[in-house]
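Please consult the sequence and the structure shown here while reading.

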Amino acid sequence: MSRAFLVVMDSVGIGGAPDADRFFNGTRPDNGANTLAHIAQACAAGRADQGRAGPLCLPNLDALGLGAAVRLASGADVPGLGVTPQGLWGAATEVSPGKDTPSGHWELAGLPVPWDWHYFPDTIPAFPADLSAAVARAAGTEGILGDCHASGTEILTRLGAEHLRTGWPICYTSADSVFQIAAHEETFGLDRLLKLCADVAPILHAMKVGRVIARPFVGSPETGFTRTAHRHDYAITPPAPVLTDWVQAVGGWVHGVGKIGDIFSMQGIDDVVKGPDADLMRQLSTLVDGAEEGSLTFANFVEFDSLYGHRRDIAGYARALEWFDAEIGALLPRLRPGDLMILTADHGNDPSWSGTDHTRERVPVLGAGRGARALGQVAFVDVAASIADHLGLADRGPGRSFL
Ligand SMILES: O=P(O)(O)O[C@H]1O[C@H](CO)[C@@H](O)[C@H]1O
Ligand SMILES: [Mn+2]
Ligand SMILES: [Mn+2]
């Protein structure tokens with residue numbers, strides 16, 4: 001028997017996407033964006049020394065082949081990385097027409113997104129009047145605030161006080177296909193915010209907007225406003241069976257760690273643990289020790305993206321990578337014979353780039369437990385096919401196993 005662990009390092013791109021010129025941050029196309037290489041270069045140049053110092057130090061990921069994967073994907077220089085790989089290593093290219101989290105995860109799970117997502121224009125207002133009216137009606141308010149593209153932390157600074165005064169929900173979007181609603185946990189109420197998002201989600205999903213995201217926050221104009229951990233995503237359900245379903249179909253257990261439940265609307269997932277990345281790492285560790293034979297553990301570590309990539313915080317991103325590398329280094333020796341762990345990513349979010357949105361990039365594919373070999377350039381769907389192959393499943397989707 002065998003077990004599989006699919007670990008997504010959210011937004012840890014490695015550059016080189018062949019269609020990057022069709023994706024944008026503001027008016028700047030994404031070609032040239034390279035999350036990992038630009039972080040490594042900033043570290044080597046002494047431009048990322050807050051809370052850490054020196055060249056980027058990722059010995060465990062690099063031993064699997066991370067530095068080699070960056071060079072393969074983009075030809076970029078990655079100072080501090082690039083030892084001879086001892087794992088499976090390659091670079092994966094996405095074909096879905098979005099550089100967002102659901103697109104990346106669905107495609108890694110064997111399902112390229114078969115439609116064009118709806119994106120809201122970067123105008124004010126950003127939303128059609130009838131949609132804004134429907135949201136206000138569902139909220140029981142006279143109107144909505146925001147109605148624009150925004151960074152979720154910046155918009156709280158700008159509109160938090162007005163939200164407290166009016167009680168109107170703050171609605172905003174980004175370069176992703178998302179409708180985000182921020183509201184104060186205590187004055188507006190967390191349950192009321194979650195119900196509002198659940199109530200309007202069918203309207204947005206019918207428009208092919210990928211997700212409605214509840215963004216609760218606390219604080220005051222005096223103390224400032226802070227988002228809480230009670231974020232909840234209401235995503236469109238995948239339109240066809242994916243890796244999680246294939247595993248369940250033969251009686252295998254599927255453990256979700258982090259946002260995986262939200263991303264797949266719990267499709268094919270038996271249980272999920274959410275929380276900060278440090279808690280998720282403890283859960284992943286528990287599952288490495290105890291997950292059942294034949295099971296899939298599917299994990300997403302989001303803080304690279306949410307705390308550092310979108311905030312364009314290079315040193316913070318480097319710290320998060322170094323923490324993650326050390327933690328994974330402690331897990332890898334505990335894998336059992338018959339285990340496969342794949343570490344990969346869903347898109348880029350280059351903290352040195354313009355804007356605050358994701359960047360279209362290739363992603364690393366690193367494998368532990370099945371020897372050392374160069375995989376070359378692969379497709380996102382090959383990740384699902386390979387895990388299915390490893391677990392001995394008949395369903396493998398459109399990808400090809402690289403095992
Ligand atoms: O700026 P915040 O609210 O973190 O928003 C980010 O989070 C959204 C969902 O991951 C992305 O679309 C991006 O806009
Ligand atoms: Mn993501
Ligand atoms: Mn993101």
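## Nonpolar core

Beyond neighbours up to four places away in sequence, I39 makes contact with A48, L56, I314, Y317, A318, L321 and P351; two residues are in contact when their C-beta atoms, placed from the backbone, lie within 7 Å. I39 is also one of the residues that touch the most other members of the largest nonpolar core, alongside A69, I342, L366 and I387; this core holds 125 residues. Helix α13 (residues 380–391) gives the most to this core, contributing eight residues. Another core lies apart from it and has five residues, including A17, A20, A33 and W353.

A nonpolar core is here a set of buried Ala, Val, Leu, Ile, Met, Phe, Trp, Tyr and Cys residues joined through C-beta atoms within 7 Å. A residue is buried if 20 or more other C-beta atoms lie within 10 Å of its own, exposed if 12 or fewer, and partly exposed in between, with C-beta atoms placed from the backbone. In soluble globular proteins, nonpolar side chains tend to be buried together.

## Model and overall fold

The model is predicted: local features need pLDDT of at least 70 and side-chain atom pairs count only at pLDDT 80 or more, whereas totals for chains, interfaces and linings use all residues. Residues are numbered from 1 along each chain as its sequence is written, while chains are lettered from A and ligands numbered from 1 in the order in which they are written.

The chain contains 13 helices and 16 strands. Helices (H or I, at least four residues) and strands (E, at least two) are DSSP runs numbered from the N terminus. Along the principal axes, the C-alpha atoms fill a box of roughly 60 × 50 × 35 Å. Of the 403 residues, 56% count as buried. Among contacts with a separation of 6 or more, 67% join residues 24 or more positions apart.

Helix α3 (residues 66–74) is mostly covered, with eight of its nine residues buried. The buried residues are L66, G67, A68, A69, V70, L72, A73 and S74. Their cover includes α1 (35–44), α2 (59–64), β4 (88–93) and β15 (363–368). G75 follows α3 and has a positive phi, near 70°.

G160 belongs to helix α6 (residues 152–166). G160 is buried because 21 other C-beta atoms lie within 10 Å. Not counting residues up to four places away in sequence, G160 touches P221 and F225. G160 and L366 are 42 Å apart in space, C-alpha to C-alpha.

## Annotated binding sites

UniProt, in an unreviewed entry, places the feature "binding site" at D10, D346 and H347; such annotations may be inferred rather than shown by experiment, and the positions follow the numbering used here, with feature names shortened. These positions spread over 338 residues of sequence yet cluster in space, with a largest C-alpha distance of 7.2 Å. D10 lies in the loop between β1 (3–9) and β2 (24–25), and D346 in the loop between β14 (339–344) and β15. D10 counts as buried because of its 23 C-beta neighbours inside 10 Å, and D346 because of its 29. Beyond neighbours within four places in sequence, the contacts of D10 include T101 and D346, and those of D346 include D10 and T101.

The unreviewed UniProt entry also places "binding site" at D305, H310 and H358. These cluster in space as well, although spread over 54 residues of sequence: the largest C-alpha distance is 8.4 Å. H310 is in the loop between α11 (303–309) and α12 (314–331), and H358 is in the loop between β14 and β15. H310 is buried, with 20 other C-beta atoms within 10 Å, as is H358, with 32. Leaving aside neighbours within four places in sequence, H310 is in contact with S151, D305, N349 and T356. With neighbours up to four places away again not counted, H358 touches residues including D176, H347 and N349.

## Surroundings of ligand 1

The shell around ligand 1 consists of T101, S151, G152, S174, D176, V178, Q180, I213, S306 and H310. A residue is near a molecule or strand if its C-beta atom, placed from the backbone, lies within 6 Å of it. By class, this shell has two nonpolar, seven polar and one charged residues. Ala, Val, Leu, Ile, Met, Phe, Trp, Tyr, Cys and Pro count as nonpolar, Asp, Glu, Lys and Arg as charged, and the others, Gly among them, as polar.
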